[in-house]
Amino acid sequence: MKVLTSFFLIVSVFLFATTFPARISVLLSNELDNAGTTKGYVFNEVKIECLSETSIEAQSFEKGSVVIIKPGANGLLMNDTQINSDSITIKGMIKVLSAKRSYGTPVYEDTILVKMIDKGIILINELDIENYVKYVVPSEVPGWFEKEAIKAQAVLARSRAIADVLKGPKDNFYGAHCDDSTKSQVFNNKEISEIVEKAVEETQGKIMFVNGYPVETVVYFSTSCGFTSNNEEVWSDEQGNFPGAVIPYLRSKPQFGKLLVENKNEEFWNKFFRAFWGIEKELCDFYDRESPWFRWKVTMTREELENVISKGLIAREKADQLLGVDAIRTLQGIPVDINNANFSIGELKDLKIVRRGEGGIVMTLRIVSENGIYEIDKEYNIRFIIRPTKSLTGFNRDIIIERHDGSTYSNYSILPSGYFVFDIDRENGKIKQVTFYGGGNGHGVGMSQYGANYLAKIGKNYQQILKTFYEGKIENIF
């Protein structure tokens, strides 16, 4: 496999930079859900409340003032007064009353650019990177995490921010360096606590480097299954090839104390993922076992799976065509046709794991059915095609995910992870139901957040935590 030397590993400008940027621009969403997914960026109008003395286009507004900005025929309107400009600059601390966040109405500070576009208004927040990190960290990790784990997250957030700025303005973000959703890093979707303030302050200016250059891909996720994955086992390269290009500092690593692994074959993975369900005894002490998602299982009937898979194949084939890749393949039978409203796999005959990664992730899944044989590459596609939610099954039964701590979750929008094995129960030769035994939540590359928190609990500092997950070192740039 080739080693990636552009987008993922090193931004070429790093080679020549003698100073690092101190500010970043963030495209703001009109609404973020609790997970940090954007509902869009365009506002019909922007209503703000000034939380300090605020300057708007050379006009001064007292604390408590309310300003409404709308698109007009000849530019923006501010409190129904024509500005004769398509953009307005706001300086101060404001509350954006027309935006929705998981904690309520968001507050922004420093500089906010208001721009009129064809469809409405967009907002871009320009601020110091240290302040940006302060708003990112609580949106990416729970506030009850240990301080050293939060500090590790702060270093990662800052590293990603530096990389985003050095890559320059993005057309898909209306000229901003990043957005405030999961497409970049979730920004200002949770309130800032005192422990977050201190974690950011105590890691000020620190980012991760590899071979003397700052790294860009400092990815993280919720919960590991007990291993992390090599990046190429999860993502394509820039040309859409899968497995992707190797990033040397994103390697599969065990997330536990001691375990003798002679051969990580399917027999091993069957034992590994069934631990904690009384089928196999516990293997060892895992860093992520405090997460409810460390081990999970879910059962779906054949009929439910047939409907979910049929819809999922169509949806991912559409994505394939947009991206120009070939992750959804018809090996024989009726092709997956996005224009065929009646497409169905028919009776589900079998599921087979074709390829599994070093860390246990399913890289390729084969679906054998009455109407064809289909292969799916990449964990996200696989998780999307086996979505455990009743809204897609065609039946009224809730799909319940059981978790190892005794809790349950109903109708999860996607399979929690691509780390799983399964049992197929048959009756008179036909599949009756399939039970998936899985581990972890998320893509599995980089830092496991629950694992980081456990390491902090047992006395590891943030540098040691980051070295558990990444091949790099931490340096101060400010």
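**Aromatic pairs and helices**

In this predicted model, Y132 has a relative accessibility of 0% and therefore counts as buried. F187 likewise counts as buried, at 0% relative accessibility.

A pair of aromatic rings is described by the distance of the centres and the angle of the planes. On the criterion of ring centres within 6.5 Å, the structure holds 28 aromatic pairs. One of them joins Y132 and F187: the ring centres are 5.3 Å apart and the planes meet at 20°, so the pair is stacked. The cut-off for stacking is an angle under 30 degrees. Y132 belongs to helix α1 (residues 129-140), whereas F187 lies in the loop between β13 (178-179) and α3 (194-202); the pair therefore ties together parts that are 55 residues apart in sequence.

A second pair is formed by F145 and Y450, with ring centres 5.6 Å apart and planes at 75°, so this pair is edge-to-face. F145 is located in the loop between α1 and α2 (147-167) and Y450 in helix α7 (residues 449-457), so the contact ties together parts that are 305 residues apart in sequence. F145 is buried, with a relative accessible area of 3%, and Y450 is also buried, with a value of 17%.

Ring pairs also build a cluster, whose members are F227, F256, F268, W269, F272, F273, F286 and F294. Charged side chains meet rings as well. The charged end of R316 sits over the ring of F384, at 4.9 Å from the ring centre, and R403 lies over the face of W293, 4.5 Å from the centre of that ring.

The discussion now returns to helix α1, which contains Y132. Its twelve residues reach 16 Å from the first C-alpha to the last, close to the 16 Å expected at 1.5 Å a residue. Eleven of the twelve residues are buried, so α1 is largely enclosed by the rest of the structure. Among the buried residues of α1 are I129, E130, K134 and E140, together with Y132 and Y135.

α2 is mostly covered, since 18 of its 21 residues are buried. After α2 comes G168, which has a positive phi near 95°.

Note on methods: Residues numbered from 1 in each chain as written. Predicted model: local features only at pLDDT ≥ 70, side-chain atom pairs only at ≥ 80, totals over all residues. Heavy atoms only, no water. Phe/Tyr/Trp six-rings, centres within 6.5 Å; stacked < 30°, edge-to-face > 60°. Helix = DSSP H or I, 4+ residues; strand = E, 2+ residues; numbered from the N terminus. Buried < 20%, exposed > 50% of the residue type's maximum accessible area, 1.4 Å probe, protein only. Lys NZ or Arg CZ within 6 Å of the ring centre and 35° of its normal. Expected span 1.5 Å × (residues − 1).
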